[in-house]
Amino acid sequence: MRDWLTGLAVATACLVASWAVLVLLARRLPPGILRDLAAFVPDCVTAVRRLRRDPRVPRRARVAIVVAGLWVASPIDLIPEFLPVIGPLDDIVVVALALRYAARQMPRQVLLDAWPGEPRLLLRLIGGTVTSSS
């Protein structure tokens, strides 16, 4: 039992460390595609948290979003998190699919309001275009 708990603690520490690296990279990298990719998982976690509480989100979309959030938080993954670069890929795919599904179930603006990152990245993910020029 002790070995199992030690393994669980190590896996949790690796997961937290990989998230910390993503957050650090998202803040330190210059603006561009690498920064957007590093910020994607933290932005997804924030969006999931916001959408979970939003009353404008239909139940089916909320379930998909919560399942994606649990997938990201789970230390058990198809691709282990400690592998550099490719570790978070399964998380990104699951969250991307959940957000695409949710985008079809609710007004697009609700999703955009919950997204803390660059809107063009989210719009590209859900299959939209930026309609306002800034």
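Q: How many of the residues of the protein count as buried?

A: Of the 134 residues of the protein, 34% count as buried, where buried means under 20% relative accessible area with a 1.4 Å probe and protein chains only. This is a predicted model, in which local features need pLDDT of at least 70 and side-chain atom pairs count only at pLDDT 80 or more, while totals for chains, interfaces and linings use all residues. Residues are numbered from 1 along each chain as its sequence is written, and side-chain values use heavy atoms, with hydrogens and water left out.

Q: Which elements does the protein have, and in what order do they run?

A: Helices are DSSP runs (H or I, at least four residues), as are strands (E, at least two), numbered from the N terminus. Here there are 6 helices and 0 strands, so that the order from the N terminus is α-α-α-α-α-α.

Q: What is the largest nonpolar core, and which elements give residues to it?

A: A nonpolar core is a set of buried Ala, Val, Leu, Ile, Met, Phe, Trp, Tyr and Cys residues joined through side-chain atoms within 4.5 Å. The largest one has 27 residues, and Leu51, Leu99, Met106, Leu111 and Trp115 have the most contacts inside it. Two or more residues come from each of helix 2 (33-53), helix 3 (59-73), helix 4 (89-105), helix 5 (108-114) and helix 6.

Q: Which residues does leucine 99 touch?

A: Contact means heavy atoms within 4.5 Å. Not counting residues up to four places away in sequence, leucine 99 touches Cys44, Leu51, Leu111, Trp115, Leu122, Leu125 and Ile126.

Q: Which residues of helix 6 are buried?

A: In helix 6 (residues 119-126), the buried residues include Leu121, Leu122, Leu123, Leu125 and Ile126, and just after this helix glycine 127 takes a positive phi of about 85°.

Note on methods
Buried means under 20% relative accessible area, exposed over 50%, partly exposed in between (1.4 Å probe, protein chains only).
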